Amino acid sequence: MNLNEQLGISLRAVDKEIENMVKFDKDVPRSSELARSILELIRSGGKRVRPLMVIVGSRFGSAPDERKAWRLAAAAEFIHAASLIHDDVIDDSPVRRGDTAMHIKLGINRAIHVGNYMSARVIELISAYSADRERYAYDLSSLVTTQLCLGEYQQLSHLFDYDVTIEQYLEKSKNKTAQLMAACLRIGALSAAADEETADLLYSFGEKLGMSFQIRDDILDFTQSSAKLGKPAGSDLRSGQVTLPVLFALQDEELALRIRSIGAHTPAEYTSEVIDAIQSSGALQQTEALSQQYLDEAQQIIDRLSGYPAHRDLQALLSFFGGREK
Amino acid sequence: MITALIQDAFHLLQGEISPETGIILHLKEEDVWPAALLLSEYDMTAQRQARLLSIYIAINLALLRHQNCNQLEPGDVLTRKVLDGDYLYSLYVQLCLRFEEFDFLAHLAPVVKQIQIKRVEGQPEDERLIKGMEIFLRLEHHRNNTREAI
C-alpha cells in the first residue's frame, strides 16, 4: 500500500489542490507556457511527501480547518518543486522525474523565473490571509527558503573540504532538507489549533525524518547502480560533496590519505577506485547506523504522541522513510 | 539626505545578510536613488524609510542576480547567481516579517510575482517594483489621512 493510501489521503486530490495554485491565478492565462510548464511538472509525478506531512500535522489539532491545511499542503509542494527547478539548473541535470528538466525545455533564464513565480505565488497566497498575522507570519517564515539556501551555501563552501566536521555536515543537512519537512508537520498542526508542545514535538519528529532521509540519500549515492541513479555511483564525491559516508571513511587513516588526494581534476578512474574502497569499508554501515538512530528517536516521539489517534499516521511516515531502498 | 538614507539602507541590509552567503552589496547608488527619493516624500521615521528601502534593495538585487543566467556555463558562478537570487527573495520576506511590514508584504507579493510572469514571457517589466511601492505609499498615506480626518 502506498504512503498516501495508508494515510487515507487521495493523491489525486492533493495534485488538484497543487494545480489550482496556478489554475486560479488570475495573472496567468491558462494557455500560457508558464501554466503549461508548471502543470507538466506537477503531472510528472512525485510522492508528495511534504503535502502529506502538512495534512498529517493538521490531524493533531483540536479545530481542524481542512481548507487551510490543504492550501498549506499545496504551498509546501510548490516551494519544494520551485527548489527542484533551480537545483536542476545548478546541477545541470537534464532529467526530472523521467521527463526533460524545465531548463532544457525553456532555457535557463525562463526556468529560473518559473521557479521564482512558484515561490512568489505561495507568498502572495499566504500573505493575503491577513486575519491572523501571527499565524501567517509563522507559515511564511517556515516556507520561505532562507535556511534551504544557507544549506546550499554551506555545501558549496565545503567542496573537496575533507576537514569539514560531522556537526557541520549535520547542520547543512538540517538546513537543506530537514527544516522544510519539519515545518510541514508543524504548520499543519498549527493550522488546526494544535497546542505548542504538540506542534514542537511534530517539528522535532519531522526534523529527524528529514535528517534520516538526507543521510539515506547520501548512502544511496554509493550503493545504487549507476543505471538507477542516472549518474555514476559516488557522484557526490566526484563533484566535491563530502557526505557522511566519506566523513566516516576519513576516520580510517590509510583510506583518508587516498580520499584527501581527490580534487576537482582527479582522473575519474582513480576516484572510482577510492569509491570502491569506501563501499567496502565500514563507513556505509556507520552511516546507516546514524540514519537509524534518527529513526529511533523519531519512534520515541511517536510514543509520546500515542494519545492522539493520528500517531498511527506518524508511524506510517516513519515506516515509509525507514523502508526506503538501501 | 537621500544619500544618507541609501547608506543606512545598505548598512541595514548588509547586516541582515548571513555572512555564509558571501553576498556583498554593490548596487550603484543611482539605481536606488528613485526609490529613496520616493520614500523621502512621505511622512515616516528615518528608521522606517531605511527599512522599506532595504526591502526594496533586496528584491532589486534578487532581480539582478537572476538576470542573464543563460549566458553562463554550469559551474560556480551560475550556482552562486541562482543561490544569491533565491536567498535575497526569501530575505525580503523575512525582513518584512521582522519589521512587521505586513501590509507592505501583502502589497508587494503579487507585484514580485507579476514581475516573474513578465520575465517568463520574455517581456520584462521590472519597473513594476518601484511603481508597486509608489502605489503602496500613496494608499497608506491616503488611509492615514482619512483616519485622521475621522
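Two residues are in contact if their C-beta atoms, placed from the backbone, lie within 7 Å. I started my notes with that cut-off, then turned to the two chains.

**Entry 1: ground rules**

I am working with a predicted model, where local features need pLDDT of at least 70, side-chain atom pairs count only at pLDDT 80 or more, and totals for chains, interfaces and linings use all residues. I number residues from 1 along each chain as its sequence is written, and chains are lettered from A and ligands numbered from 1 in the order in which they are written.

**Entry 2: where the chains meet**

I looked up the contact and found 37 residues from chain A and 30 residues from chain B in it. On the side of chain B that touches chain A, helix H4 (76-98) and helix H5 (102-120) each supply at least two residues. My helices (H or I, at least four residues) and strands (E, at least two) are DSSP runs, numbered from the N terminus. H5(B) gives the most to that side, with 12 residues.

I then sorted this side of chain B by residue type and got 17 nonpolar, 9 polar and 4 charged residues. For the sorting, Ala, Val, Leu, Ile, Met, Phe, Trp, Tyr, Cys and Pro count as nonpolar, Asp, Glu, Lys and Arg as charged, and the others, Gly among them, as polar.

**Entry 3: chain A as a whole**

I counted 18 helices and 2 strands in chain A. Its radius of gyration is 20 Å, close to the 20 Å that the globule rule gives for 326 residues, so chain A is as compact as a globular protein of that length. That radius is taken over C-alpha atoms, and the globule rule is 2.2 Å times the number of residues to the power 0.38.

Along the principal axes, the C-alpha atoms of chain A fill a box of roughly 60 × 50 × 35 Å. Of its 326 residues, 50% count as buried. I call a residue buried if 20 or more other C-beta atoms lie within 10 Å of its own, exposed if 12 or fewer, and partly exposed in between, with C-beta atoms placed from the backbone. Among contacts in chain A with a separation of 6 or more, 71% join residues 24 or more positions apart.

I traced helix H10 (residues 166-191) of chain A, whose 26 residues reach 35 Å from first C-alpha to last, close to the 38 Å expected at 1.5 Å a residue. The expected span is 1.5 Å times one less than the number of residues in the helix.

Where is the kink in H10(A) centred? I found it at A:Ala178, with an angle of about 50 degrees. The bend at a residue is the angle between axes fitted to the seven residues ending there and the seven starting there. In H10(A), 20 of the 26 residues are buried, so this helix is largely enclosed by the rest of the structure. Just after H10(A), A:Ala193 takes a positive phi of about 65 degrees.

H4(B) has 23 residues and spans 31 Å between its first and last C-alpha, close to the 33 Å expected. B:Glu100 follows H4(B) and has a positive phi, near 55 degrees.

**Entry 4: positive phi in loops**

Most residues other than glycine have a negative phi. I noted A:Asp92, which has a positive phi of about 55 degrees although it is not a glycine. A:Asp92 sits in the loop between helix H5 (66-91) and strand S1 (95-96) of chain A, and its 15 C-beta neighbours inside 10 Å make it partly exposed.

B:Asn68 also has a positive phi of about 55 degrees, in the loop between helix H3 (46-65) and H4 of chain B. Is B:Asn68 buried or exposed? With 11 C-beta neighbours inside 10 Å, B:Asn68 counts as exposed.

**Entry 5: the core**

I looked up the largest nonpolar core, which has 140 residues. Such a core is a set of buried Ala, Val, Leu, Ile, Met, Phe, Trp, Tyr and Cys residues joined through C-beta atoms within 7 Å. A:Ala75, A:Phe78, B:Leu53, B:Ala58 and B:Tyr92 touch the most other members. H5(A) gives the most to this core, with 13 residues.

Leaving aside neighbours within four places in sequence, I found B:Ala58 in contact with B:Leu13, B:Leu88, B:Leu91, B:Tyr92 and B:Leu95.
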